[in-house]
Amino acid sequence: MRKMLLDFHVPKTPEQAQRYLALELDLPDYYGRNLDALYDMLTEITEDTCVGIFKTEGNPLMARYLHKVKRVFRDAENANPHLCVLFDNLEENYPEDGE
């Protein structure tokens with residue numbers, strides 16, 4: 001199983017976050033560096049992969065964007081049986097609204 005940790009305390013803009021994701025997830029050069037492209041890449045994973053996502057709450061300017069990033073990971077996890085996503089906030093791992 002491939003395991004990775006994503007620490008979002010460093011990226012300060014959506015563009016920096018996308019560059020960080022491309023680097024850390026080892027995405028191909030043709031990766032579109034947007035949320036739709038991220039979803040496509042995550043749902044195409046064929047190797048069992050577990051991703052831990054941490055420190056998404058510290059930057060208020062990025063809070064809205066990182067909320068969307070987490071949603072993309074959660075949606076991709078639901079679509080791809082090879083993807084497991086864990087969040088540092090325990091409640092996010094067990095959403096109450098059935099997401």
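Helices (H or I, at least four residues) and strands (E, at least two) are DSSP runs, numbered from the N terminus. The model here is predicted: local features need pLDDT of at least 70, side-chain atom pairs count only at pLDDT 80 or more, and totals for chains, interfaces and linings use all residues. Residue numbers start from 1 along each chain as its sequence is written, and side-chain values use heavy atoms, with hydrogens and water left out.

**Exercise 1.** Find the element that holds threonine 49, then list what threonine 49 touches.

*Solution.* Start with the element: threonine 49 sits in strand β2. Next, its accessibility: with a relative accessible area of 2%, threonine 49 is buried (buried means under 20% relative accessible area, exposed over 50%, partly exposed in between; 1.4 Å probe, protein chains only). Finally, its contacts (heavy atoms within 4.5 Å): not counting residues up to four places away in sequence, threonine 49 touches Met1, Arg2, Met4, His82, Leu83 and Cys84.

**Exercise 2.** Decide whether lysine 70 counts as buried or exposed, and name the residues that lysine 70 touches.

*Solution.* First, locate lysine 70 in helix α3. Its relative accessibility is 5%, so lysine 70 counts as buried. Then look around the side chain's surroundings: beyond residues up to four places away in sequence, lysine 70 touches Ile53, Thr56, Glu57, Phe87 and Glu92.

**Exercise 3.** Which residues does leucine 42 contact, leaving aside its neighbours within four places in sequence?

*Solution.* Going through the list, leucine 42 is in contact with Leu25, Val72, Phe73, Ala76, Asn80 and Leu83, once those neighbours are set aside.
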